[in-house]
Amino acid sequence: GPCHVQEKRGPTDAMERGMARQRVLQRPKRGTRNVVKALEEAQAKSRSAMVSPTPPPTLRKHRRDKAEMYVVRTDGFTCNREIVQDSALKFAHPSTQQQMLMWKTRPKRALVLKKLGDELLPQLLELAEFLFKEEGISVLVEPHVHRRISKEGGYEFVETFSEKNVGMLEDVVDFVVCLGGDGVILHSSSLFARAIPPVISFNLGSMGFLTSHYFQHYRNDLKSLLYGDQGLEGVFITLRMRLRCQICRKGEPLPGKTFEVMNEVVIDRGANPFLSMIECYERGRLITKVQADGVMVATPTGSTAYSVAAGGSMVHPTVPCMLFTPICPHSLSFRPVILPDSAELELKIPHDSRSTGWVCFDGKWKQELNRGDSVLIKMSEFPMPTVNKSDQTDDWFASLIRCLSWNERLEQGGRTIDLEEGGRTIDLE
């Protein structure tokens with residue numbers, strides 16, 4: 001039969017168009033080719049960097065590479081703008097330094113205070129004679145002391161003042177002499193609502209943490225105050241911060257209810273059986289609500305008084321701060337804190353409090369606070385200058401040891417070393 005031969009055909013036109021389309025689809029786009037090429041170049045550079053790393057660029061010092069700056073210092077009333085040299089923030093000097101008192105003119109009048117009773121009357125009269133007859137300084141005493149001295153003969157030179165003229169003392173008194181303990185110094189603070197003259201105190205009381213001078217040396221100590229100490233032209237003093245406290249009702253200060261406090265201001269529950277509820281604000285911001293027997297705000301000088309008994313820290317008297325110390329708080333996490341002297345506090349009895357509160361200033365002038373009443377507390381601009389025996393730091397540590405037995409204990413024995421020397425043991429301690 002017929003023979004069938006199978007021919008090898010080429011691609012048809014449809015097949016060629018399909019194959020061409022497939023090649024076009026498999027071909028990478030221009031953008032994709034650029035990405036692939038960039039990745040390959042980056043990999044090549046990375047491999048070459050691993051073989052021979054290039055050093056990083058070095059930072060060259062230029063004089064004005066840093067931005068210039070200012071520091072604005074404010075005390076709440078005024079502002080001072082200072083240029084920061086070389087853009088370097090630093091302290092020019094410590095915030096507190098030694099203070100020395102030097103007289104430009106000779107003192108003329110001294111106020112002599114003593115604790116209540118006739119116990120220290122002989123010492124007062126002896127000191128008054130020394131000041132008036134040997135140094136030519138007028139002596140001023142309180143009215144009740146003057147009435148007692150008037151019964152003695154030969155002390156007509158001693159002056160006094162009336163109760164209504166207490167506000168004039170700061171204009172006529174050059175320095176104050178205190179005979180007794182810390183209570184006499186607190187009393188002297190209460191006599192001066194504004195500026196206080198330098199105060200020198202002699203330890204004739206029971207505690208005397210603030211009284212670093214001894215009466216048997218009163219001649220030398222007073223001459224040092226008048227003429228300078230140990231070749232110096234003056235004596236070292238400590239400017240002890242005070243608190244200015246105002247009682248307010250309905251947001252307004254009550255007349256005659258402003259107090260200058262040297263130790264602490266205390267708000268507590270008094271005789272009420274309930275815990276005190278006290279809202280504490282700083283410049284109008286609520287910082288906490290106290291639920292405790294009470295709370296106190298103390299000065300650094302008062303840190304070694306009631307505050308330390310309530311668990312507060314002991315603070316050097318020249319540290320510019322306030323101590324915020326709770327009294328028996330009903331919270332394990334309520335710890336005492338130290339605030340800057342720029343703080344302005346308001347302690348308020350809330351309207352929904354179960355009971356009223358009581359406030360006292362340096363342990364005196366105790367009065368009730370009704371619901372809604374508050375106490376405004378801030379640093380006073382008038383400190384109390386006390387004359388140092390040595391300087392502000394030596395006197396403070398000496399008082400800590402003398403009055404509070406700070407860190408006193410038996411010393412641990414030394415290390416024992418046994419050395420054999422000629423058949424005997426030597427104990428080295």
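Does Ser405 count as buried, partly exposed or exposed, and at what relative accessibility? Select Ser405: it counts as partly exposed because its relative accessibility is 42%, where buried means under 20% relative accessible area, exposed over 50%, and partly exposed in between, with a 1.4 Å probe and protein chains only.

Before moving on, some ground rules. This is a predicted model, in which local features need pLDDT of at least 70 and side-chain atom pairs count only at pLDDT 80 or more, while totals for chains, interfaces and linings use all residues. Residues are numbered from 1 along each chain as its sequence is written, and side-chain values use heavy atoms, with hydrogens and water left out.

Check the backbone: Ser405 has a positive phi of about 50° without being a glycine. Most residues other than glycine have a negative phi. Now pick Asn407, in the loop between H9 and S21. Asn407 is not a glycine either, and its phi is positive at about 55°. With 66% relative accessibility, Asn407 counts as exposed.

**Stop two: the largest cavity**

Rolling a probe the size of a water molecule over the atoms shows where empty space is left. Here a cavity is a set of points, on a 1 Å grid over the protein atoms alone, where a 1.4 Å probe fits but cannot get out, and lining residues have an atom within 4 Å of a point. Grid points are joined across faces, edges and corners, and a volume is the space filled by probe spheres set on the points. The count is 2 cavities of 30 Å³ or more.

The largest has a volume of about 150 Å³. Select Leu210, Ser212, Arg240, Asn388 and Asp395, the closest to its centre among the 17 residues that line it. Then colour S7 (199-203), S8 (235-240), S20 (384-387) and H9 (392-404), each of which supplies at least two lining residues. H9 has the largest share, with 4 residues. By type, the lining of the largest cavity splits into 7 nonpolar, 8 polar and 2 charged; Ala, Val, Leu, Ile, Met, Phe, Trp, Tyr, Cys and Pro count as nonpolar, Asp, Glu, Lys and Arg as charged, and the others, Gly among them, as polar.

**Stop three: the second largest cavity**

This one holds about 40 Å³ of space. Select Ser276, Met277, Ile278, Ile349, Ser353, Ser355, Thr356 and Gly357 to show its lining. Strand S12 (residues 276-282) gives the most to that lining, with 3 residues.

**Stop four: helix H3**

Next, select residues 121-134. The end C-alpha atoms of H3 are 19 Å apart, which agrees with the 20 Å its 14 residues should span at 1.5 Å a residue, the expected span being 1.5 Å times one less than the number of residues. Show side chains for Leu121, Leu124, Leu125, Leu127, Ala128, Phe130 and Leu131, which are buried. Their cover, by contact (heavy atoms within 4.5 Å), includes S4 (109-114), S5 (138-140), H4 (143-149), S6 (175-180), S7 and H7 (218-227). Just after H3, Gly136 takes a positive phi of about 70°.

**Last stop: His144**

Find His144 in H4. His144 counts as partly exposed, at 35% relative accessibility.

Notes. On a 1 Å grid over the protein atoms alone, a cavity is a set of points where a 1.4 Å probe fits but cannot get out, and a pocket is an open set with protein on both sides within 12 Å along at least five of seven lines; lining residues have an atom within 4 Å of a point.
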